[in-house]
Amino acid sequence: MAGRFDPLTRAAVRGGRTDVPAGRAATGAATGAATGAATASGAKERRWTPDGPVDLGLVLGPLRRGPGDPTFRTTPDGSVWRTGRSPEGLAATLRVFGTGPEVTAEAWGPGADWFLEQLPALLGAGDDPAAFVPRHRLVHASHRRRPGLRLTRTGLVLESLIPTVLEQKVTADEAYRAWRRLVRQYGEPAPGPGPELYVLPEARTWAMIPSWDWHKAGVDAKRSATIVRAARVANRLEEAAAMDLPEAVRRLEAVPGIGPWTSAETLQRSNGDPDAITTGDLHLPGIIGYALAGDRDADDAAMLELLAPYAGQRHRAARLVLLAGRTPPRRAPRMPRSDIGRF
C-alpha cells in the first residue's frame, strides 16, 4: 500500500521522505535501555520507546542532503546512519534502527553521549502530531497515510544552516555536489564501523576554506561569504536551537546573507518548529497552490492564505502536501545546471 499511495517523487523527497529498507537490524546488545550501555561493537547504546508510531524515513529524511550525502546513509538492514558534531564540536556517528515499538540507537565517537541523550528529540518526542487538524481533503489523506510522521529536532543549527546556504539560488544537484565535495575534503572520517561516512568540518574550518576551493566546489562568493560569516559566530547561532521561533529567526537573520528562506529551512530541522513555513521559494508556492486550490501560479501571499487555517502547523501542512506528490505539470525546461568550478 505504501508503494501505491506514497511514490518517491521529487516532491516527496523535498517533503523529507527517505526510503529505509524494511530489513531486520541486529541489535548490538541483548539489553540496555540506559544511555551509554556498551555493545559488542564498542558503541554506546540507548533504547527508547516512543508514545506512537515513528517512521524513520519520514522523521530523519529532512536531514539527508541528496543521495550521496557523506553524513547520512541508509543500509539494507533497516538502519539510518548519520554523523555530526555536538555543540562542543565533538564528532559522532549515530545508527538508529527499529522494527517494532522500540527504537534502538548506537553511537561512536567522543560526541556519542550527547547524540544518545538527544535521541528522543531527534525522533520527534517534542513534537505533537495530535495538534494538527487537516482542513483539506488532500492533506487529510496524506496525514492519514503517514501516522509515523514526526518533526525532528536536532538541536544543531550550523549543520543545517551550511547546506541550506549552499542551496540558495542553485539547483539541488549543484548544492548537493558542493556539500559532498567540501565535507569529504575538509571533514574527517566518521568514527565507528559503519558505512563510509564523514563528519562535517568544525566551524573554524569552514571559516578558513580558501576562495579557490569554494570555487572548485561550485560555490559563488556570495554564498561562501555567508557561510564564513556564520561560522565565525557559530556559538551565537547555536543558541538559536533553544529559542522560540521569532527570536531564533531574528538571531539567524542578523547574519548578512541569511534571509527568511534560509532561516526557515534551517529551523525546521534544528528546532523542529511545526510553523516554520518556507517563503521565498521558487517552487513551493506553486505546488501548494496547485495542490490545494488548482492555482499553479500562486505566490507567497497566496500560499500563506491557503495555509492560514494551519496557523501554528504550517510547516507540517506543507510537508504533507509535498509528500502527497500532487505537483503541477512541467511547462518549462528544468533550470540548467552550472559549474563555476570549471571556469
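Predicted model: local features only at pLDDT ≥ 70, side-chain atom pairs only at ≥ 80, totals over all residues.
Reader: What does the protein chain contain in helices and strands, and how much of the chain is buried?

Author: The secondary structure comes to 17 helices and 8 strands. Of the 343 residues in the protein chain, 51% are buried. The chain exposes about 15,600 Å², and carbon and sulfur atoms supply 53% of that area.

Reader: Why is Ser86 called buried?

Author: Buried means under 20% relative accessible area. Ser86 has 5% relative accessibility, and therefore counts as buried. Ser86 is placed in the loop between β4 (79-85) and β5 (91-97). Leaving out residues up to four places away in sequence, Ser86 touches Trp114, Phe115 and Leu156.

Reader: Which residues make the contact of α7 with α8, and how are they divided by class?

Author: Helix α7 contributes Glu159, Ile162, Pro163 and Leu166, while α8 contributes Ala175, Ala178, Trp179 and Leu182. By class, this contact has 7 nonpolar, no polar and 1 charged residues. Glu counts as charged, and Glu159 is among the residues of α7 in the contact.

Reader: Which residues touch the most other members of the largest nonpolar core?

Author: They are Leu166, Leu182, Trp206 and Trp214, in a core of 40 residues. The elements that give two or more residues to this core are α7, α8, β8 (198-199), α11 (221-232), α12 (234-238) and α13 (245-253). Apart from neighbours within four places in sequence, Trp206 is in contact with residues including Ile162, Trp179, Leu182, Trp214 and Ile227. A second, separate core has 23 residues, among them Phe132, Val139, Leu292 and Ala317.

Reader: Why is α15 described as largely enclosed by the rest of the structure?

Author: Helix α15 (residues 284-293) has 10 residues and 8 of them are buried, so the helix is largely enclosed. The buried residues are Leu284, Pro285, Gly286, Ile287, Ile288, Gly289, Ala291 and Leu292. Their cover includes α2 (10-14), α6 (137-144), α16 (300-306) and α17 (314-324). Just after α15, Gly294 takes a positive phi of about 70°.

Reader: What makes α15 and α17 roughly perpendicular?

Author: Their axes cross at roughly 75° and come within 10 Å. Angles of 65 to 115 degrees count as roughly perpendicular, and α15 and α17 are therefore roughly perpendicular to each other. In this packing, Leu284, Ile287, Ile288, Ala291 and Leu292 of α15 meet Ala318, Val321 and Leu322 of α17. By class, the contact has 8 nonpolar, no polar and no charged residues.

Reader: How do you know that α14 is mostly covered?

Author: In helix α14 (residues 260-270), 10 of the 11 residues are buried. Among them are Trp261, Glu265, Leu267 and Arg269. The buried residues of α14 pack against α2, α7, α13 and α17. Gly272, which follows α14, has a positive phi near 60°.

Methods
Residues numbered from 1 in each chain as written. Heavy atoms only, no water. Contact = heavy atoms within 4.5 Å. Helix = DSSP H or I, 4+ residues; strand = E, 2+ residues; numbered from the N terminus. Core = buried A, V, L, I, M, F, W, Y, C linked by side-chain atoms within 4.5 Å. Buried < 20%, exposed > 50% of the residue type's maximum accessible area, 1.4 Å probe, protein only. Axes fitted to C-alpha atoms, helices over the stretch in contact; angles between N-to-C directions. Parallel < 35°, antiparallel > 145°, perpendicular 65-115°, else oblique. Areas by Shrake-Rupley, 256 points an atom, 1.4 Å probe, with all protein chains shown as cover.
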